[in-house]
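Subject: Handing over the structure, with notes

Dear colleague,

I am passing the structure on to you below, and after it you will find my notes on what was found. Please keep the structure open while you read, so that you can look up each residue as it is named.

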Amino acid sequence: MRSKKPKVLHELAGKTFLQRVMSSVGHLQPQILSLVVRYQAQRVAQAARSYNPDVQIVEQDDIAGTGRAVQCALNALQSRLDADSTVLIAASDMPLLDASTLQGLLDFHRSQSDSATVLTTSLSNPDGYGRIIRDQDGQVLRIVEQKDATGTELAVQEVNTSVYVFNVGVLTSAIAGLNDQNVQGEFYLTDALEAARSLGRVGAYSAPDPLSVEGVNDRLQLSHLSKAHNRRICESWMKQGVTILDPETTWIEDDVELEQDALVLPGSVLQGHTTVASEAVIGPYTTLIDAVVGQGAKVERSRVEKTTIGAEASIGPWTYLRPGNELAEGTKAGAFVEMKKAHIDQGTKVPHLSYIGDTHIGPGSNVGGGTITANYDGVHKNATQIGAGVHVGAGNLFVAPVSVGDGVTTGAGSVIRHEVPADAMVYSENTQHVVEQWKPAWLRKDGNAES
């Protein structure tokens, strides 16, 4: 990947490769879930434990290769494995490897009574993959890595996916004699299949979906896989009654939930656990991260993070809703508005050019353009309370902590520093001064302050 980050911690659709593979394997409810780590071992192990605290970490030594990784794992786990255990081995750089494919592999292995089974797929362009070499009866004879393959073997389109199932006894015997006599100078796990063949039948199960077993070795492959996966997500939602005008420019992650008759306009990105209700309109060019959007709400050209937006609310354009906001039904955060931990009650409007932070505004209020809640005193974030039916004049500044009662009207340009009782009118006097015939210094001939 040409990155300081381990490959398995790169992301596809909001989740790391490792998280995705661990989740798929976890759905099979294995007796033991083990992860072999080597490059940046501590960093990868820490991530794995955040996904599943019960995962057992095994550190591979300085000897390279997938075969050596399995040797290290078996040495660490041997006391916990039964003689009739089945071992599933999967690579962590296959982000779309899914539980149903793995379950199909296990079921096939058991139904055939094979000693080992390899998960395969056929590719029109198998470049970079190990080739599956079969005998005259169609049984797996061996797997040849591309760098070790002959011209005839390179023409084979059935490839190894680096996912295997072994009976534990066969695996233990098969990996015992591995060596590094190959171009890479590594202990290949694929060599274990030849040894397994001498101990019993080696089967091959073809993945129903080639995309699910595609590996990622560089950023070009990641881009290709991400785009193909996203296209499928968009098509799935469209088949369920969601309108997505341009799937090519719309990105939707796996955990997003969309209701029937939602409309997603071009350039929108929906991430995390975002939910969008029926008849809501998202976009164009909107990013939602862990957001909840109510029925009929509209969010245009805005960024919304960990915020709940009520039904028929209107957001944007060019608005940034930082985490912790709750906007009730029929509210508005208009153009160039920023909010953080704001609670805006039903029908209240913050039309434009305002910052509202750590603030609660009651129902039916209107906030004039250019209003700011000054919530930070240099040490603490302080709260502003604005009541129901309040009319806030343009260009107001609320210096928190401060409270304004119901039914208050504030004058334009007011600085509100102290509590205002209900049904009051408050303004800050600001004397206007006019200097007639004034010119800037560079236009003055006599150097006087006034001319």
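Let us begin with Ala412, which is exposed, with a relative accessible area of 63%; here exposed means over 50% relative accessible area, buried means under 20%, and partly exposed is in between, with a 1.4 Å probe and protein chains only. Before going further, please note that this is a predicted model, in which local features need pLDDT of at least 70 and side-chain atom pairs count only at pLDDT 80 or more, while totals for chains, interfaces and linings use all residues. Residues are numbered from 1 along each chain as its sequence is written, and side-chain values use heavy atoms, with hydrogens and water left out.

**The annotated positions**

Ala412 lies in the loop between strand S34 (409-410) and strand S35 (415-416), where helices (H or I, at least four residues) and strands (E, at least two) are DSSP runs numbered from the N terminus. If its neighbours within four places in sequence are left aside, Ala412 is in contact (heavy atoms within 4.5 Å) with Gly393, Ala394 and Asn396.

Is Asn375 buried or exposed? At 6% relative accessibility, Asn375 counts as buried, and its place is in the loop between strand S29 (372-374) and strand S30 (384-386). Not counting residues up to four places away in sequence, Asn375 touches several residues, among them Lys340, Tyr355, Asp358 and His380. With one of these, Asp358, there is a polar contact between the two side chains at 2.6 Å; a polar contact is a pair of N or O atoms within 3.5 Å, and within protein one must be able to donate a hydrogen and the other to accept it, while residues adjacent in sequence count only if both atoms are side-chain atoms.

In helix H2 (residues 41-51), the buried residues are Ala41, Val44, Ala45, Ala47 and Ala48. They cover an arc of only 160 degrees around the axis, which puts them on the same side of H2; the arc is that of the directions from the helix axis to the C-beta atoms. These buried residues pack against helix H1 (17-26), strand S3 (34-37) and strand S4 (56-59), whereas the face of H2 turned away from the buried side carries the exposed residues Gln42, Gln46 and Ser50.

Helix H6 (residues 168-176) has Val168, Val170, Leu171, Ala174 and Ile175 as buried residues. Because they cover an arc of only 155 degrees around the axis, they are on the same side of H6. Their packing partners are helix H3 (66-77), S5, S9 and helix H7 (191-197).

**Strand S9 and its partners**

Strand S9 (residues 158-167) is mostly covered, with 8 of its 10 residues buried. Strand S5 (residues 86-89) pairs with S9 in the antiparallel sense over 4 bridges, and two strands are said to pair if DSSP finds at least two bridges between them. Val87 has Phe166 in S9 as its bridge partner. Strand S6 (residues 116-122) also runs antiparallel to S9, joined by 6 bridges, and here Thr117 stands opposite Val165.

**A hairpin and a helix residue that touches it**

Strand S7 (residues 131-134) and strand S8 (residues 140-144) run antiparallel and are joined by 4 bridges, with Ile133 opposite Arg142 in S8. The hairpin has 5 residues between the strands, and Gly138 takes a positive phi near 85 degrees.

Glu153, in helix H5 (residues 151-154), counts as buried at 11% relative accessibility. Its side chain reaches the backbone nitrogen of Thr150 at 2.9 Å. Not counting residues up to four places away in sequence, Glu153 touches Arg131, Ile133, Arg142, Val144 and Asp148.

**Cysteines**

How many disulfides does a search of the whole structure find? The search finds 0, a disulfide being a pair of cysteine sulfur atoms within 2.5 Å. Cys72 is buried, with a relative accessible area of 11%, and Cys234 is buried as well, at 0%.

With best wishes
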